[in-house]
Amino acid sequence: MSPEKERGSKGLSRRGLFTAAGAGGLGLAAGAAGAFAVDRERGRSTDDVVPFHGTHQAGITTEAQDRMHTAAFDVTASTRASLVSLLRDWTRAAEAMTAGLEIGETGAADGAYDSPPEDTGEAQDLHASHLSVTFGFGRTLFEKDGADRFGIADKLPAALIDLPLFSGDALEENRSGGDLIVQACADDPQVAVHAVRNLARIAFGRARVRWSQTGFGRTASTSTAQVTPRNLFGFKDGTSNLKLQDGAQLEEHVWVSGSPASESWLDGGTYLVFRRIRMHIETWDRTTLREQEAVTGRTKREGAPLSGGEEFTAPDFGLQGRSGPLIDPASHLALAHPDHNNGVRMLRRGYNYVDGSDGLGRLDAGQAFIAFVVDPRTHYVPMQSAMSKSDLLAEYLRHTGSGLFAVPPGIEAGGYIGDTLFGS
Ligand SMILES: C=CC1=C(C)c2cc3[nH]c(cc4nc(cc5[nH]c(cc1n2)c(C)c5CCC(=O)O)C(CCC(=O)O)=C4C)c(C)c3C=C
Ligand SMILES: [Fe+2]
């Protein structure tokens, strides 16, 4: 591979973007994500780049964008070198795309006429749109059918478990698992889809898509600057989510640190829990407002706990009404609250999805639930286990897809995703 290739994109601009400091955009290195950029065509500033590099990967505590395309891959490469080359190529491509640049040296339309373009091109006229690309490793990357395919079995983190089957799970094989995961989030759906499509194209011969899921209308806020969005049941979702301003809480509940030597490659990383949860929309829509609020534990309009106050008032689970506690102990709010979960919290970053209808006149709709946690054994499994047995909301849900991935730390310019695991 040429040194230029190694460095990734030469900086072909989409929409004629160029840095305030550089001329014409052609000098913009892929590592310059986050640089102030100017839209030459419209003459207005565009400040919509999420820096790719950093201590942690982007797309976790960075502000949740409006759209998502997440894909899990099975690695078909048979050697460690081939897998590492894929991770390097993905890193360079992600650096370029998140900076609003075309992939490679020749991008969508400046390459050899008789070769496929390096970039598929559907994002040519679009801004970076706050694109973030987050990568993770599944358990099967470390060990599959007893085989240590890539010489990393001894680095398998103890917390990267096979999630147990929960009561009521209806998991579909082709919507679950995967060796690798790529989560692309952006404010423009075409930018997110372009990212996953190009990473899949780059992976050809080394990894193939196992499943993918698009989503819209983030179902959580990850910053106090964001308004709480609503899920497809019409309720505010994300009110008491962990947010990027919660520094100490993020250290405690999200970021891995102080791991044993064999797992130290994951320090600064986290775990991504993925669940595709179908929501029985039509049943819910025939349910009374009283029941909907009782099931959720919050009011539909304000998102306030049923014990009173406004959206951000702490729930009072002891407050009694005429016929028992104002917040039903089996409500979603009660079952999810840290007071009933050993104090654990999670950073939720999910999306609504609608995958058309199911042929029976029902929407195939729900939530692509995505949560980042420091340890799924303590921060996800017990809560999901309790919910699957007694959450009033469970009657309206069906889990159809599942995955757990270790998300390595962020990288500096010149590194590649996974370099702490595979070596530089
Ligand atoms: C196991 C974890 C969780 C799953 C699965 C889950 C699915 C799910 N949740 C909603 C709707 C809401 N969830 C809310 C809060 C909330 N949910 C979880 C966990 C899971 N949810 C947590 C940890 C919390 C926060 C609890 C707290 O700290 O108080 C809310 C209330 C608003 C809010 O605080 O975000 C709603 C509404 C749906 C529809 C759903 C599956 C599709
Ligand atoms: Fe929830």
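Which residues does the UniProt annotation "domain: Dyp-type peroxidase C-terminal" cover? In the unreviewed entry, this annotation covers residues 228-410. UniProt positions follow the numbering used here, feature names are shortened, and annotations may be inferred rather than shown by experiment.

The model is predicted: local features need pLDDT of at least 70, side-chain atom pairs count only at pLDDT 80 or more, and totals for chains, interfaces and linings use all residues. Residues are numbered from 1 along each chain as its sequence is written, while chains are lettered from A and ligands numbered from 1 in the order in which they are written.

The protein chain holds 11 helices and 14 strands. Helices (H or I, at least four residues) and strands (E, at least two) are DSSP runs, numbered from the N terminus. Residues 57-216 are 24% helix and 21% strand, with the end C-alpha atoms 21 Å apart. Over residues 228-410 the figures are 21% helix and 25% strand, and the end C-alpha atoms lie 27 Å apart. Of the 424 residues in the protein chain, 46% are buried. A residue is buried if 20 or more other C-beta atoms lie within 10 Å of its own, exposed if 12 or fewer, and partly exposed in between, with C-beta atoms placed from the backbone. Contacts (C-beta atoms, placed from the backbone, within 7 Å) were also counted. Among those with a separation of 6 or more, 70% join residues 24 or more positions apart.

In soluble globular proteins, nonpolar side chains tend to be buried together. A nonpolar core is a set of buried Ala, Val, Leu, Ile, Met, Phe, Trp, Tyr and Cys residues joined through C-beta atoms within 7 Å. The largest has 88 residues. Leu-131, Leu-180, Ala-184, Ala-192 and Tyr-271 have the most contacts inside it. Helix H2 (residues 80-98) gives the largest share of this core, eight residues. Another core, of seven residues, lies apart from it and includes Phe-235, Val-295, Leu-393 and Tyr-396.

H2 has 19 residues and reaches 27 Å from its first C-alpha to its last, close to the 27 Å expected at 1.5 Å a residue. The expected span is 1.5 Å times one less than the number of residues. Of the 19 residues of H2, 14 are buried, so the helix is largely enclosed by the rest of the structure.

Helix H4 (residues 189-203) has 15 residues. Its reach from first C-alpha to last is 21 Å, close to the 21 Å expected. Buried residues of H4 include Val-191, Ala-192, His-194 and Leu-199. The buried residues of H4 pack against strand E4 (67-75), H2, strand E5 (132-138), E6 and strand E7 (207-216). Beyond four places in sequence, Ala-192 is in contact with Arg-67, Met-68, His-69, Leu-131, Ala-184, Cys-185 and Ala-186. Pro-189 lies in H4 and counts as partly exposed, with 16 C-beta neighbours inside 10 Å. Pro-189 touches Arg-67 and Phe-216, not counting residues up to four places away in sequence. Just after H4, Gly-205 takes a positive phi of about 90°.

Ligand 1 has 28 residues around it. A residue is near a molecule if its C-beta atom, placed from the backbone, lies within 6 Å of it. Phe-235, Thr-239, Ser-240, Ala-336 and Gln-367 come nearest. Strand E8 (270-279), helix H8 (332-336), strand E13 (363-373) and helix H10 (381-390) each give two or more residues to the shell. The shell divides into 13 nonpolar, 11 polar and four charged residues. Here Ala, Val, Leu, Ile, Met, Phe, Trp, Tyr, Cys and Pro count as nonpolar, Asp, Glu, Lys and Arg as charged, and the others, Gly among them, as polar.

Loop residues were also examined. Asp-145 lies between helix H3 (139-142) and strand E6 (180-186). Asp-145 has a positive phi of about 50° although it is not a glycine. Asp-145 is exposed, with 6 other C-beta atoms within 10 Å. Asn-342 is found in the loop between H8 and strand E11 (347-348), and its phi is near 60°. Asn-342 is exposed, with 10 other C-beta atoms within 10 Å.

Key:
Contact = placed C-beta atoms within 7 Å.
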